[in-house]
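This briefing covers a few features of one multi-chain model. The points below are grouped by topic.

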Amino acid sequence: MPIVWYVVVSALVFCIGTYGVLTRRNPLVILLCLELMLNASNLALIAFARQHGNADGQIFAIIVLVVAACEVTIGLGLIVALYRRRLPIDVDQMNELQG
Amino acid sequence: MNALLAVAQIKGPHLDWAGLSPLIALLGGAVTVLLLGLLRNRLVRRICVPLLTMLVLAAAAGLSIWRWHHAATLVSGALRVDDLSLLLGLVAIAAAAACVLLSLRAAAPAVAGEGEYHALLLSTVSGMVVLLAAQNFVTLFLGFELLSIPLYVLCGSELRRRGSLESGLKYLIVGSVGSATLLYGLALIYGATGSTDFSGVAAALSSGSLASDPLLLTGVALTAAGLCFKCSVAPFHQWTPDVYQGAPTPITAFQAVATKAAAFGIFLRLFDGALINAQPSWGPILAALAAITIIVGNVGALGQSSLKRMLAYSSVAQAGYMLGGVLVSTRLGLQATVFYLAIYLFMNMAAFAVIVARERETGEGDDIAGMVGLGSSRPLLAWPMTLAMLSLAGIPATAGFIGKVYLIDALVDGGYAWLAVVLVVGSMISLAYYLRVVAAMWMRPSAGVAGARPIMAGGSAEAPTATRLSGLEVSVVAALFGAATLVFGIVPSPLLSLARDAGKALTGIF
Amino acid sequence: MIALSLVIWLPLAVSLLAALLPGQWSGRVAAAGSLVTLGFAVSLLFGFDTHVGGLQDVTDKVWIGELGTHYKIGVDGLNLALVLLAALLFAAAFVAAAMREWERPSTFFVWLGLAQSAVFGALLAQDLLLFVAFFDLMLIPFYFLTGGWGGPNRVAATTKLVIYTLVGSLLMLAAAIATGVLAEPSGGHLSFVLSDLRALGLSKGSQEWIFLCFAAAFLVKMPAFPLHAWMPDGYRAMPLPVLAVFSGVLSKVGAYGFLRIVLPLFPQASAHYQTLMLLIALASILYGSVMAFTQTDMRLIVGYSSVAQLGFITLGIFALRPAGAQGAVLQMVNHGLVTAALFFIIGVIAARAGSEDIREMGGIAFRAPVLAALFLIVALATLAMPGSSNFVGEFLILLGAFQAKIVIAIVAFTGVVLASVYALRAFIRAMHNRLGESVESHEIGLRDVVVIAPLVLVILAIALDPQVALIRGQRTVTASISAAQAIVNPPSAAAGVPITTGTPASPGTVSPPAGAAQQLPQRNGGSGPSSSAGSSSGGSGP
């Protein structure tokens, strides 16, 4: 199977993730969509690593996995902090800061 | 660890400890500060932790100065410490030091825990140092995230205030979208060129056969978009005012200056280094973005009454100016951008220090009303703010004038005279809102504004009652950076020669 | 010989020093400092060697090496008279201000000192970027002086003033940098020193847009007709001593910029846009005169008359003839003296009438003959009465204009007539007629006399001997317009036209190549990249 299909799939996943981030209102779902975007990159990286026959992309992908985990942790932490203060966790209702 | 690797007969990369020393100082300092913050003694937490943080920053600054003119490639080509990364790293370190001083009596460290707050600050700075020295996509992304993730937490660190948490979450979401976009772009560039090293990418592009490769161009576009999120370049700037306003003011000050320095540093390295051969394809697009950014930022700032929002839009506009220095891809442009980033530290820090002071003194939050009559009541705060505003507007005898002259020089020299005109038009628009602040300070009488009104949404939740002085350290920061704005406006040569040294770091441009 | 840097920075230094003293003293010390500066400026006049063309007392140091900018200052026939004028008017303003009570006096005098330093800097700068920096800097103290100590509606007025002027100035900044970059020889060294730039020259296409940017900046500052909208509000809001220097000196810096920067550096564009500039000048003359006639606020009468007078000055400059340019320089000095004196007199009259509106004045002369006499002298000078120096100035300007565009000169003549109408109207309404309702007429006090009388004496002195101002400027002025003149009016034709300047000191016609040659030794004497002496832009008209 040619590499290009993997790239196409990754592009589709990336677009779905982007769409989700832009349209969803629940920050949890947005975090999921962010994961989609990051993993789309991972897929592309691994596919390209295979194509070029070097390990750079795979190493990169492993590091991205770690970083993505950190990011989600922080995101969840902030959501919990908001929830504990009984603030709305709907991004459309986050209107404290608007101008 | 090293010993273990040696035992296992795995040949690890040669480590140049001297070159890595600023980074090690910062990371080691972050861990030490975190541990120190665990002590329960109030004195230790309120005095020793900031003190130790300052010492760590001073050590990192000292080590950076020690490495000046000792360009070295570290960790098998993953990082390169040269004058460019050192100078912008010093900007970030100075901004962090100012942030520590401004946070001494702020609410955020007390709420979030002094140890955590300062450790996060130090790790952000180390992320900037990594990012500025990055020589391949992996270190770039690592530095980028090491910079961003602690900053998300810092923005949300004033846990009791809703605006702070919101700004943290908003910044996280938008920042992560930026990171993901950047990452996908990097993946596509890797796919097109087969290398994650900047040098490998540059070599692959130098043949010219890839110039119109759609994979590469898409990758470059996505990478640029990701970096533009961080630099708050329009149309990726919408998060800026909200996050600036919501975050604790010392953190806003820090991120306004340091994040810009780091993000533009890597912009320079990546676009004027690795991707220099594709300049004909991305140059005009970035020029269009720069023009849009200048206009959007300056127009957006016009109607703001919150000073932090105003400075946020102004930072968008300034990002547009600096992007001009990046996109001409000349040594002159590089030097102009570096110089502007350095003076941006002075003028923004002076302004934010005054805002911090007024938030604590008046209970007006960061509203422009808090500035009314400052000229007669607190001239020592009014002067730095005046200098900062005039400098941001680019008035002669301030550093901002020299910076703009340098940028315009680079733009005209690089064949983007039209962008220079846009820059000038933007500066004209900007006069309207910068001068509004100056007029409020000097030309309106102060009539019992202090403590009269309830606290506003954006301000720090502190001292809403009586007028009290904001602390000596805030005035010192304001005066110091205000004076620097003036001095480097009259005698810019020392700073210019530093920028020139930094400009020699990249070899592919002329 | 006095180092020019001392002249530039002394006012700021003294006023900063004075700021450390308690309230009342700061004004006195600052005023004393301004008198010392005036003394230095006068000593410049006596130290000036009239036999040497080009710059004297040059200080040339690298300011920003990376940008090819030098801290180069020097005095020549063109700026000598204006430096003297500025020193005199600032001294008058300082003295007048020191005798009044101000809120926060030390800050006030710091701004005034900075204003003086910046004006001197702009007048003496011999480097394009240095000039632009001082030119922009000049505005900032006036912004604060107007906004902090001005009359009603001052914040809006001062913001309008700053935005108008800085819009022009920023365009000029971009144009100035473009001038340096575009003139940079390939492989050469970037330089903004005026003599280097003049040697290098620009293509006609770039000259044209750069010319427009510079012209916008200078015309706003003057102000000229379509760009004067900031003037009425600004003039109404400014404190009077500040307004006297603002109107007397700053507007001249704009006109001076044309002679110092625009005509020598962009001769082809100046020739190209000659008609446009003459029409703007003409419009300013007519509009200013008519408006001055219809206003009732004394400040605005003087303000609009300034628009008209600066129209005359522009007319003289862009006639591109030696006579016109010399008339323009003379008229700059005259007008500066006259306007400043008028504003100080307005202050005195307003103190008696309780208003600055001429409808509420009247009859002041009965009990104040000295005041009336001073006012009359100044008013007659304003309307260019024969025998006054203004007459000589306007005569030379119109002479130049006649040689260039006869139709425009004839129309401009009506401006002279209108000037007598509005000047006399103002004088009669204020000083004669029926006594105004709230007027308390009494003689001018000693405090005001010490400010106004010296100005009037200088006006009289120049009227007796206008050559003083003309002789020293003649060679430089002729040289600065020579390149542009050569294009409009090729030397072969120009040589045949006798140009009478009324000055016996040296022949009126200095042929352009000779005028350009005067600049050459200076150019090679500078520390910038040396250029071949043959590449003079002066004689190379198409």
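Helices and strands here are DSSP runs numbered from the N terminus, a helix having at least four residues and a strand at least two. The model is predicted. On that basis, the elements of chain A run α-α-α from the N terminus on.

**Chain A**

- Chain A has three helices and zero strands.
- Its 99 residues include 35% that count as buried.
- Among the contacts in chain A with a separation of 6 or more, 47% join residues 24 or more positions apart.

**Chain pairs**

- Two pairs of chains touch, and the pair with the most contacts is A and B.
- Chains A and C do not touch, their nearest C-alpha atoms being 25 Å apart.

**The side of chain A that touches chain B**

- In this interface, 35 residues of chain A are in contact with 40 residues of chain B.
- Helices α1 (3–23), α2 (27–52) and α3 (56–84) of chain A each supply at least two residues of the side that touches chain B.
- The largest share of that side, 15 residues, comes from α3(A).
- By residue type, the side of chain A that touches chain B holds 26 nonpolar, five polar and four charged residues.

**Helix α17 of chain B**

- Helix α17 of chain B covers residues 379–393, and its 15 residues should span 21 Å at 1.5 Å a residue.
- The expected span is taken as 1.5 Å times one less than the number of residues.
- Of the 15 residues in α17(B), 13 are buried, so the helix is mostly covered.
- B:G394 follows α17(B) and has a positive phi, near 85°.

**C:M222**

- C:M222 lies in the loop between α9 (204–221) and α10 (231–237) of chain C.
- Is C:M222 buried or exposed? C:M222 counts as buried because it has 29 C-beta neighbours inside 10 Å, where the cut-off for a buried residue is 20 or more.
- Leaving aside residues up to four places away in sequence, C:M222 touches C:S251, C:G254, C:A255 and C:L310.
- C:M222 and C:G248 are 26 residues apart along the chain, and their C-alpha atoms are separated by 10 Å.

How values were computed. Residues numbered from 1 in each chain as written. Chains lettered and ligands numbered in written order. Predicted model: local features only at pLDDT ≥ 70, side-chain atom pairs only at ≥ 80, totals over all residues. Contact = placed C-beta atoms within 7 Å. Nonpolar A, V, L, I, M, F, W, Y, C, P; charged D, E, K, R; others polar. Buried ≥ 20, exposed ≤ 12 C-beta atoms within 10 Å, placed from the backbone.
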